[in-house]
Amino acid sequence: MLPPDWFSAAFKADPTGKLAHGIELIEKYREALYRQHGLIFDAWRAKDFTQALAQLHFFLISLDRMNDGLAMVAEKVGGAVAAFIATRNFEDYTDARNHFEHLDDRLFGTKRNAPEPITENGATRLLHYGLSGNQQFAWGKKRIDISDKFLAEYQRYVAQCLDLTKAAFNL
């Protein structure tokens, strides 16, 4: 739920409610992102890699919903907020989420959205997905950082966006 000053300012700026919804998505999924991140690595340390991957999927959903909220805020507020949001690109994180949700399209020799084979030490293989000890998630030739450092940087980025949005509303 948006604090009353945010709610009022968001609806004054955008009576359709899209701006308020964008801010609410960011706020709603922020805690989930932290929680899921912790659950990924709790499962990893317990060597429950299946559960680590399941928690990673929910982490990526939370991140993607926050990014949806950021896009709505950028669209409706514009200016410095939109310029700031445009400084980062999280398409690979969205692709990672989609990879989990559409495995049937990507596995078992299908052509649609299949991960590209990788060659390591002279051997070519297909890497469907996997977590590494250096806190990266890989599928095909793609990798994303899911480390503590990434989470802290992302949360700072979101906080800066919200500060710029508050400034645009004179809050």
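The model is predicted, so local features need pLDDT of at least 70 and side-chain atom pairs count only at pLDDT 80 or more, while totals for chains, interfaces and linings use all residues. Residues are numbered from 1 along each chain as its sequence is written, and side-chain values use heavy atoms, with hydrogens and water left out.

The chain holds seven helices and five strands, where helices (H or I, at least four residues) and strands (E, at least two) are DSSP runs numbered from the N terminus. Read from the N terminus, the order of elements is α-α-α-α-α-α-β-β-β-β-β-α. Of the 171 residues, 43% are buried, that is, under 20% relative accessible area with a 1.4 Å probe and protein chains only; exposed means over 50%, and partly exposed lies in between. Among contacts in the chain with a separation of 6 or more, 64% join residues 24 or more positions apart; a contact means heavy atoms within 4.5 Å.

The loop between helix H1 (4–13) and helix H2 (18–45) contains aspartate 14. This residue is buried, with a relative accessible area of 5%. Its side chain reaches two backbone nitrogens: that of lysine 18 at 3.1 Å and that of leucine 19 at 2.9 Å. Leaving aside residues up to four places away in sequence, aspartate 14 touches Leu19 and Lys76.

In the loop between H2 and H3 stands lysine 47. Lysine 47 counts as exposed, at 65% relative accessibility. Its phi is near 60°, a positive value in a residue other than glycine.

The helix pair comes next. Two packed helices are described by the angle between their axes and the distance between the axes. For H3 (residues 49–77) and H5 (residues 91–101), the axes come within 9 Å and cross at roughly 130°; axes are lines fitted to C-alpha atoms over the stretch in contact, and angles run from 0 to 180 degrees between N-to-C directions. H3 and H5 are therefore oblique to each other, since angles under 35 degrees count as roughly parallel, over 145 as roughly antiparallel, 65 to 115 as roughly perpendicular and the rest as oblique. On the H3 side, the contact is made by Leu53, Leu56, His57, Leu60, Ile61, Leu63 and Asp64, and on the H5 side by Tyr93, Thr94, Ala96, Arg97, Phe100 and Glu101. These residues divide into eight nonpolar, two polar and three charged, with Ala, Val, Leu, Ile, Met, Phe, Trp, Tyr, Cys and Pro taken as nonpolar, Asp, Glu, Lys and Arg as charged, and the others, Gly among them, as polar.

Technical notes:
Polar contact = N/O pair within 3.5 Å; in protein donor to acceptor, adjacent residues only side chain to side chain.
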